[in-house]
Amino acid sequence: MDRKGIFRKRKPPLGSVPGTLSIDEEAPFPKISLIEFDRDYLKEEIIRNVENLASVISATDRVHWIDVQGLGDEATIRKLGEVFSLHPLALEDITNVPQVAKVEEYDNCLFVCLPMMRMEEDSVVYEQMSLFLGETFVLTFQERYGDVLDPVRNRMRRNSRIRSMDNDYTAYAILDTIVDNYFPVLQSIGSELEKLEEELVESISREKLKDLYLMKQKLAQLRRLVWPTKDVIGRISREESEYFKDQTVLYLRDVYDHIIQSLDMLDISRELSSELMNLYLSSTSNRLNEIMKVLTIISTIFIPLSFIVGIYGMNFVYMPELSLKWGYPVVLIVMGVVVFIMLLFIRRKGWFRK
């Protein structure tokens with residue numbers, strides 16, 4: 001998906017062998033960072049040689065978080081798959097985006113795939129986050145540089161509770177931070193809807209209708225992203241797994257609650273957008289009714305006038321009024337009186353106010 005939230009699907013050719021990777025030519029080259037820590041130790045470094053990670057993650061007394069930002073090099077992705085013994089189908093899910101949010105348990109790790117989104121210059125940036133939780137490591141893959149995970153890194157640096165927990169708690173912290181960042185996106189969209197509502201109340205225009213349609217499309221896309229995520233987190237929090245301890249599962253249930261709240265906010269925004277669409281259609285219909293009312297009143301007034309002038313336009317020889325000296329002004333006066341009486345009648349009926 002690009003920065004405007006439009007899906008940019010990267011799929012292997014039809015009939016490809018399972019495990020075929022589809023690398024985007026515009027994707028950035030992978031930048032690999034490592035955070036290794038325990039209660040009394042913290043080390044951050046940029047990994048330039050993937051093979052060195054094999055000896056690093058062999059240590060079982062520390063937590064290792066390997067973060068890969070950028071999917072622009074197939075050789076690097078495959079090398080990481082060899083070092084961490086990742087299943088070829090999991091590697092395919094990493095690069096062939098977008099994938100529906102999912103969770104899969106393999107022989108040596110748990111694979112979780114879910115959308116990550118954030119606000120950037122008043123627009124929503126979407127990308128896929130792929131997370132592998134193993135016995136000695138947490139491995140994450142991101143489509144591009146930059147993410148929403150700085151709060152997790154800062155918690156590690158200031159020696160908070162996460163430093164005394166195992167790698168499953170680190171995976172939970174990553175998932176929790178990703179889900180929590182759904183709220184600012186939904187709040188921003190809600191603010192845009194409220195602003196659009198105020199504009200629609202003041203005036204109706206095709207430009208505002210176009211903005212409303214784009215907003216409805218954005219909300220529909222968000223729902224397609226967030227709804228499967230609910231199922232993924234719900235499955236992890238309900239089913240027993242050797243990779244998440246019971247204590248951490250309790251925290252994951254809180255993440256599930258946050259997703260439910262996000263979906264509630266999303267549903268409220270969708271209902272508001274539907275109401276705004278109805279408001280636009282009602283306002284347009286009312287405006288058309290007002291125009292038709294004015295035209296109807298004008299037509300009604302001219303019906304008797306057309307009748308009068310029609311009589312004197314028949315050109316019969318024996319029409320006594322044609323020989324009267326004051327016949328023409330009299331007819332005009334009669335027509336004026338008729339118009340006055342009809343306007344008075346319409347006003348008393350209140351048709352001008354309806």
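Author: Two strands pair if DSSP finds at least two bridges between them. Helices (H or I, at least four residues) and strands (E, at least two) are DSSP runs, numbered from the N terminus. The model is predicted, so local features need pLDDT of at least 70 and side-chain atom pairs count only at pLDDT 80 or more, while totals for chains, interfaces and linings use all residues. Residues are numbered from 1 along each chain as its sequence is written, and side-chain values use heavy atoms, with hydrogens and water left out.

Reader: Which residue in S5 is the bridge partner of Val 103?
Author: Strand S4 (residues 102–105) and S5 run antiparallel and are joined by four bridges. A hairpin of three residues leads from S4 to S5. Within S5, the bridge partner of Val 103 is Val 112.

Reader: How many bridges join S5 to strand S6?
Author: Leu 114 stands opposite Met 129 in S6. The hairpin of S5 and S6 has two residues between the strands, and Glu 121 takes a positive phi near 55° there. S5 and S6 (residues 123–134) run antiparallel, and the number of bridges joining them is 12.

Reader: Is strand S5 largely enclosed by the rest of the structure or largely open, and how many of its residues are buried?
Author: Buried means under 20% relative accessible area, exposed over 50%, and partly exposed in between (1.4 Å probe, protein chains only). Accessible areas come from the Shrake-Rupley method with a 1.4 Å probe, and for residues only the protein chains shown count as cover. Strand S5 (residues 109–120) is largely enclosed by the rest of the structure, because its count of buried residues is 10 of the 12.

Reader: Which residue in S2 is the bridge partner of Asp 38?
Author: Strand S1 (residues 31–38) and strand S2 (residues 41–47) run antiparallel, with seven bridges between them. The hairpin from S1 to S2 passes through two residues. In S2, Asp 38 has as its bridge partner Tyr 41.

Reader: What N to O distance is found in the salt bridge of Asp 93 and Lys 102?
Author: A salt bridge is a side-chain nitrogen of Lys or Arg within 4 Å of a carboxyl oxygen of Asp or Glu, and the structure holds 18 salt bridges. Asp 93 counts as buried because its relative accessibility is 10%, whereas Lys 102 is partly exposed at 21%. Their side chains meet in a salt bridge with an N to O distance of 3.3 Å.

Reader: Which element gives the most residues to the negative patch?
Author: Patches are made of residues with over 30% relative accessible area and no salt bridge, like charges being joined within 9 Å and nonpolar side chains (Val, Leu, Ile, Met, Phe, Trp, Tyr) within 5 Å; Lys and Arg count as positive and Asp and Glu as negative, with His and the chain ends not counted, and a charge is placed at NZ of Lys, CZ of Arg, CG of Asp or CD of Glu. Glu 194, Glu 197, Glu 198, Glu 202, Glu 271 and Glu 275 gather in a surface patch of negative charge. The elements that give two or more residues to the negative patch are helix H6 (182–202) and H8. With four residues, the element that gives the most is H6.

Reader: What is the relative accessibility of Glu 198?
Author: Glu 198 lies in helix H6. Glu 198 counts as exposed because its relative accessibility is 55%.

Reader: What distance separates the C-alpha atoms of Pro 184 and Ser 262?
Author: Pro 184 also has its place in helix H6 and counts as partly exposed at 37% relative accessibility. Pro 184 and Ser 262 are 78 residues apart along the chain, and their C-alpha atoms are separated by 10.0 Å.
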